[in-house]
Amino acid sequence: MAKISAEEKLAAVQRYVNGKESSRTVAADIGVSYRYLLTCVKQYKYNGVEGEFP
């Protein structure tokens with residue numbers, strides 16, 4: 001899995017949350033598993049932008 005910055009994670013999560021792209025599409029684009037992306041989405045929804053991403 002590629003190492004990505006917090007800004008890249010946030011941008012990917014927001015792409016998914018906005019409903020324009022699927023989790024698999026966004027995850028493949030940034031080089032992570034879709035399950036990891038969904039974990040980040042859960043953290044984002046629970047903690048918001050200030051929250052800690054996994």
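I began with helices, which here are DSSP runs of H or I with at least four residues, numbered from the N terminus, while strands are runs of E with at least two. Just after H2, I found that glycine 31 takes a positive phi of about 85°.

**Entry 1: what I am looking at.** The model is predicted, so I noted that local features need pLDDT of at least 70 and side-chain atom pairs count only at pLDDT 80 or more, whereas totals for chains, interfaces and linings use all residues. Residues are numbered from 1 along each chain as its sequence is written, and side-chain values use heavy atoms, with hydrogens and water left out.

Entry 2: I looked up which residues of helix H2 (residues 23-30) are buried, and they are Ser23, Val26, Ala27 and Ile30. Seen down the axis of H2, these buried residues fall within an arc of 95°, so they line one face of the helix (the arc is that of the directions from the helix axis to the C-beta atoms). For accessibility I used these cut-offs: buried is under 20% relative accessible area, exposed is over 50%, and partly exposed is in between, with a 1.4 Å probe and protein chains only. On the face turned away from the buried side, I found the exposed residues Arg24, Ala28 and Asp29. I recalled that an α-helix has 3.6 residues a turn, so residues three or four places apart point the same way.

**Entry 3: what H2 packs against.** The buried residues of H2 pack against helix H1 (6-17) and helix H3 (34-47), where contact means heavy atoms within 4.5 Å. I then looked at alanine 27, which is in helix H2 and is buried, with a relative accessible area of 1%. Not counting residues up to four places away in sequence, alanine 27 touches Val32, Ser33, Tyr34 and Leu37. Alanine 27 and leucine 37 are 10 residues apart in sequence, and their C-alpha atoms are 6.2 Å apart in space.

**Entry 4: H2 with H3.** I read that H2 and H3 pack at an angle of about 105°, with their axes 8 Å apart (axes are lines fitted to C-alpha atoms, for helices over the stretch in contact, and angles run from 0 to 180 degrees between N-to-C directions). That makes H2 roughly perpendicular to H3, since angles of 65 to 115 degrees count as roughly perpendicular, under 35 as roughly parallel, over 145 as roughly antiparallel and the rest as oblique. The contact is made by Ser23, Arg24, Val26 and Ala27 of H2 and by Tyr34, Leu37 and Leu38 of H3.

**Entry 5: H1 with H3.** H1 and H3 pack at an angle of about 85°, and their axes are 10 Å apart; they are therefore roughly perpendicular to each other.

**Entry 6: salt bridges.** I searched the whole structure and found 2 salt bridges, each being a side-chain nitrogen of Lys or Arg within 4 Å of a carboxyl oxygen of Asp or Glu. Glutamate 21 forms one with arginine 15, the closest N and O atoms being 2.8 Å apart. Aspartate 29 also meets arginine 15 in a salt bridge, at 2.8 Å from N to O. Aspartate 29 lies in helix H2 and arginine 15 in helix H1, so this pair ties together parts that are 14 residues apart in sequence. Aspartate 29 is exposed at 52% relative accessibility, whereas arginine 15 is partly exposed at 25% and glutamate 21 is partly exposed at 27%.
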